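Here are my notes on this one, as promised. Have the viewer open while you go through them.

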Amino acid sequence: MPELPEVETVVNDLKNKIIGRKIKSVWFDASKLIKRPKLAVFVKEIRGLKIGNIKRRAKNILIYLSSDKILLVHQKMTGHLLYGKWLIRNKKPISSLPGVMREKVNDYIHLIFYLDNGWQIALSDLRKFAKVVFGPKDEIESLEELKKLGPEPLERNFDFKKFQQALKDKKGKIKQVLMDQTVISGIGNIYSDEILWLAKIHPFRPANQLKDPEMKKIFHFIKAVLKKAVKLRGTSVSDFRDPEGKSGHYANQLYVYQREGEKCPRCQGAIKRLKMGSRSAHFCPNCQKL
DNA sequence: ACTAGCCCCTGGGAGC
DNA sequence: TGCTCCCAGGGGCTAG
């Protein structure tokens with residue numbers, strides 16, 4: 001599932017490929033992914049727009065277009081933004097790049113933007129959770145879902161004071177607080193598990209009861225883990241792919257995520273998985289005491 | 001105003 | 001082999 005490092009990878013890759021290109025037309029077969037505006041308006045208004053900058057905000061991808069428009073894409077669980085060439089056969093996109101194996105994810109392409117250089121940006125999504133929103137710049141930027149987002153953990157001005165401030169009054173379990181996009185943006189289930197294991201903090205600890213040194217450790221590993229994951233182009237443990245369909249390399253750096261029953265790399269104890277709401281937390285009960 | 005929990009969705013894996 | 005059931009989970013939404 002794409003978290004900050006995966007989305008950052010996608011944004012950086014797309015920057016090199018599609019800035020300056022024009023969107024010629026659109027194809028789709030799952031209109032539910034396009035939340036707004038109405039389909040007819042979307043198809044009509046996006047045609048001919050030129051791609052300016054591309055930015056990441058939390059796990060959202062913001063594609064700035066001419067005419068002061070923004071295309072917002074959230075990949076949610078299984079969404080991929082791909083750059084390639086596809087042909088529509090029997091209403092399904094088939095890769096048309098010579099020598100490129102037809103990837104499984106291509107069966108799940110539900111939206112294609114045709115560019116003026118003959119290439120395409122495609123949104124594939126097995127579970128159809130992804131979200132696409134298009135509209136005037138000021139309208140998109142003032143969407144509640146963007147405005148309520150917490151600070152970006154990798155930004156230089158996100159210092160320990162800001163982190164402390166963000167955790168203050170948060171009675172919830174630290175893992176859930178780390179994943180709360182209104183507290184800090186970009187962290188999901190995988191990296192929260194890893195951060196807390198490295199910091200030796202039990203995922204169920206109430207956030208506002210953490211001592212300063214503990215908070216410092218978490219703060220340190222938030223930056224360290226996310227930076228390293230960005231460098232390694234993300235984690236492909238479920239099915240993250242970059243725009244060329246390639247996997248990230250952080251998966252073999254994982255210490256606890258999806259390693260239930262395996263030995264803790266630090267103390268050789270057994271890694272546990274506990275339900276936390278509708279999510280699961282992976283941790284070492286020996287290293288991470290409640 | 002908060003939070004806990006359901007829901008969206010579909011493939012993969014376990015169990016029989 | 002083939003069926004059923006459970007699981008993965010970001011975030012929007014609702015009920016309490």
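1. Helices here (H or I, at least four residues) and strands (E, at least two) are DSSP runs, numbered from the N terminus.

2. Some housekeeping. This is a predicted model, where local features need pLDDT of at least 70, side-chain atom pairs count only at pLDDT 80 or more, and totals for chains, interfaces and linings use all residues. Residues are numbered from 1 along each chain as its sequence is written, chains are lettered from A and ligands numbered from 1 in the order in which they are written, and side-chain values use heavy atoms, with hydrogens and water left out.

3. Back to H7. 11 of the 11 residues of H7 are buried, so the helix is largely enclosed by the rest of the structure; buried is under 20% relative accessible area, exposed over 50%, partly exposed in between (1.4 Å probe, protein chains only). Helix H1 (4-18), H6, H8 and strand E13 (279-283) are among what covers those residues.

4. Which residues of the largest nonpolar core touch the most other members? Out of 39 in total, they are Phe 163, Ile 174, Leu 178, Ile 195, Ile 218 and Ile 222. Two or more residues each come from helix H5 (160-167), helix H6 (174-179), helix H7 (189-199) and helix H8 (212-231), and H8 gives the most, eight. (A nonpolar core is a set of buried Ala, Val, Leu, Ile, Met, Phe, Trp, Tyr and Cys residues joined through side-chain atoms within 4.5 Å.)

5. Chain A is assigned domain 1 (4-147) and domain 2 (160-283), with bounds from an automatic or database domain assignment. Their C-alpha centres lie 28 Å apart, and 19 residues of domain 1 are in contact (heavy atoms within 4.5 Å) with 19 of domain 2.

6. Both domains give residues to the lining of the largest pocket, so it lies between them. A pocket is an open set of points on a 1 Å grid over the protein atoms alone, where a 1.4 Å probe fits, with protein on both sides within 12 Å along at least five of seven lines; lining residues have an atom within 4 Å of a point. Of its 24 lining residues, Lys 59, His 74, Lys 76, Met 77 and Arg 279 lie nearest the centre.
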